[in-house]
Every structure is written in C-alpha cells, then in structure tokens.
Amino acid sequence: MTMKLGLKLAALATAVSALLWGCGPSKPVLNLYTWSDYIDENLVKEFEKQYNCKVVIDTFDSNEFMYAKLKAGGSGYDVIVPTSYMSKIMNDQKMLLKLDHSKLPNSKYIDKRYLDNLAIDKKMEYCIPYMLGYTCIAYNKEKLGDIPQTWEVFSNEKNKGRMTMLNDYRETIGAGLMFNGYSINTRNEKELEKAKEQVLKWKKNLAKFDNEVYKAGIQSGEFLVVQGYSGDLFQVLDESPNLSFMIPKEGVMIACDDMVIPASADNPELAYKFINFFMDPKNAAKNMEYTCYAAPIPEAKKYLPEELRTHPGMIFPEALFKAGQIIQDLGDDNAKYLKVWDEIKISQ
Ligand code: SPD
C-alpha cells in the first residue's frame, strides 16, 4: 500500500468512526479546580458557548487538601483557585505559570487599592485576585437573641455541641490570635501557644471543626453558631430571616482567593480566556450575585442591582480595608502553625 493511500484510508476511518459515534472533533476542555459554590454556573455555560469548549469543575474544601493532591501527582488542571498565601507557596515552588498580561486585558479592572494595600502578589505576576472574603460568625438569632460581637461566643457552654469553627488552620488559629490581640501572621511561639490554649477552650464547646456542612447545619437549626467564610454564610443568611451574622470586635481575617494557571496546565490559552472572562465587570457582578463574595473589581459595582450595592458580602465594609488582616505566607514558619494545629486536633 502506498503512503498516500494509507493516509486516505486513515482519514476515512476517522470520519466513519465520528459518524458511527455521533460526534465530531472533540471540544477543548478547561479543567477548573476550585472551592464549592464559588462560581456562577450560568456564566460558565456562557463561557463554554462563547469559546466552544467544555469546562469541567472539580472542588476542594481546603487549600491544604488541594496542595497535597497536586503534590501527590494530581494534574490536568488548567485553572486553580487557591487563597493568596497558598498561591505564593505554589509560586515559590515553581508550580505556577508566570502570567502574560497581553492575554489578560481585563486585568486593568482589578482594584488598585486592593493591590497596593492587601495583595501579596501586587503586580499580578502569577495570580489574578478572584474573590475577597472574610471570616465571620453566623448565629441563630431566633433561638439566641442578640449576642455580643466577640469570638468569645464560642466559650458559651450553653451552646455546647451546637457550634462549629472552621477546619482551616490559619483561620481558626487566627481567631485565637486576634482574640488575644496578636497579629494573625505572628511568628512568635509564645503568642501561638496562647492562641492554641484559646482555641482548645473553644473546642470543648464545638460539635466539630468543619468546612463543608456548617452552612446546611446553621440553616437547618442543627447548629446555633458557626464560624464561616463570609460569602458562604451570606448565601444562607439571605434566605433565612431567623439567622444573623456578626463581625467580632477583635477583628476578622480577610482572604483573597486567586485564579492561577498551574505550570502543568494542558490548555493555558483557554485558561487565559477563562480568567479574562471572569474579570469582565459585567461577569464579575453576576458572579458576585451568585457567590455573595466581593470581586476586587470596582467597575462591577455599577452592574449590581441597586439593592445589592451595600451588601456586606459583595461590597466590603470600609472598615475591613483598614482593620482586617490578610493571611500571609510565612515560609518556614508555617510549620509552627501546623504543629499547633496538630496539637489542637489531637487534644481531647
Ligand atoms: N465556597 C467558597 C469558599 C471560599 C473560601 N475562601 C478560603 C479562605 C481560606 N482562608
């Protein structure tokens, strides 16, 4: 058989198999790895239509789980959504692509005030800020009435077994640090020890440390007080008049989750398009409405319905920019937090 005839036969075989199986050339796929309830699926469908592609979403419930999965060989993701301190760790370990801003024209919309004051990657060299959130407390106002605005709420034995705190070592140790007046990024072991003692006191009254079921639990009445991520709590609070939220007077942690492209991405070109699409102010506004988090895109505000322009999840209260603390990567000192967290977790 000549080479030409061979090639023709191969092309014919491909066409026949496409006819038999009812599909043409397959669409490009973008694999997204993110937190649950964190993207408006209608926008994802619009993106798929606009770029004739398929988006596959996989979720994680903590930065550390996501990181461990990647380290254990998990690959094939094109866009990942880590919290900024974790983006920095991943970048330091050469796990991320250096961003080409010629492919991200909408990055001009990112809030300069956020970049100057809070961002870790101020020049957006390896990450684009996606959503800002803070940790606060939701409680069952119908059952508890008004409660004092303090992390100390977790010391109330009356609610023993009906309260949860986050299964997130930086957030929960951070609450213990703030309660004692320390920085949430301290490297001082004595301060960390004090925070540990505090969290251990609270732990006695908790049902558990949890990142996943607290939303359903506070809504169903199973839990009376929960520490949670702001947007997730507002998704529930907006539908539940019996619930309320408070920002503890000792302060709250602010976190930004970023969009990054892993160095191992199969489809970086589509990843750029995806990230750019979500920075478009109209899309960012729709995404904020869905997630109840704050996209750091000031232009998006004008596309929000009037009644949402003061929503405390979507538009950050001014005080947060001044008083909130953002979780930093602490390099080798992260190990001090992990040690304290292990001690908290194993203690009975
Ligand atoms: N469902 C979305 C949850 C977003 C959580 N952000 C993580 C902050 C970690 N400190």
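Biologist: How far is a nitrogen atom of the ligand from a polar backbone atom of S36?
Modeller: They're 2.7 Å apart. This is a predicted model, where local features need pLDDT of at least 70, side-chain atom pairs count only at pLDDT 80 or more, and totals for chains, interfaces and linings use all residues. Residues are numbered from 1 along each chain as its sequence is written, and side-chain values use heavy atoms, leaving out hydrogens and water.
Biologist: Which side chains have a polar atom by a ligand nitrogen?
Modeller: D232 has one 2.9 Å from a ligand nitrogen, and D257 has one at 2.7 Å. A polar contact is a pair of N or O atoms within 3.5 Å.
Biologist: How much of the ligand does the protein bury?
Modeller: 97% of the 340 Å² that the ligand exposes taken alone (Shrake-Rupley areas, 1.4 Å probe).
Biologist: What residues surround the ligand?
Modeller: Among them are W35, Y38, E171 and Y293, with "near" meaning a heavy atom within 4 Å. The shell splits into 5 nonpolar, 2 polar and 4 charged residues.
Biologist: New topic: is strand β4 mostly covered or uncovered?
Modeller: Covered! In β4 (residues 128-140), 13 of 13 residues are buried, meaning under 20% relative accessible area with a 1.4 Å probe, protein chains only. Strands are DSSP runs (E) of at least two residues.
Biologist: Which strands does β4 pair with?
Modeller: Antiparallel ones, including β9 with 6 bridges, β7 with 5 and β8 with 4; pairing takes at least two DSSP bridges.

Note on methods: A polar contact is a pair of N or O atoms within 3.5 Å; within protein, one must be able to donate a hydrogen and the other to accept it, and residues adjacent in sequence count only if both atoms are side-chain atoms. Ala, Val, Leu, Ile, Met, Phe, Trp, Tyr, Cys and Pro count as nonpolar, Asp, Glu, Lys and Arg as charged, and the others, Gly among them, as polar. Buried means under 20% relative accessible area, exposed over 50%, partly exposed in between (1.4 Å probe, protein chains only).
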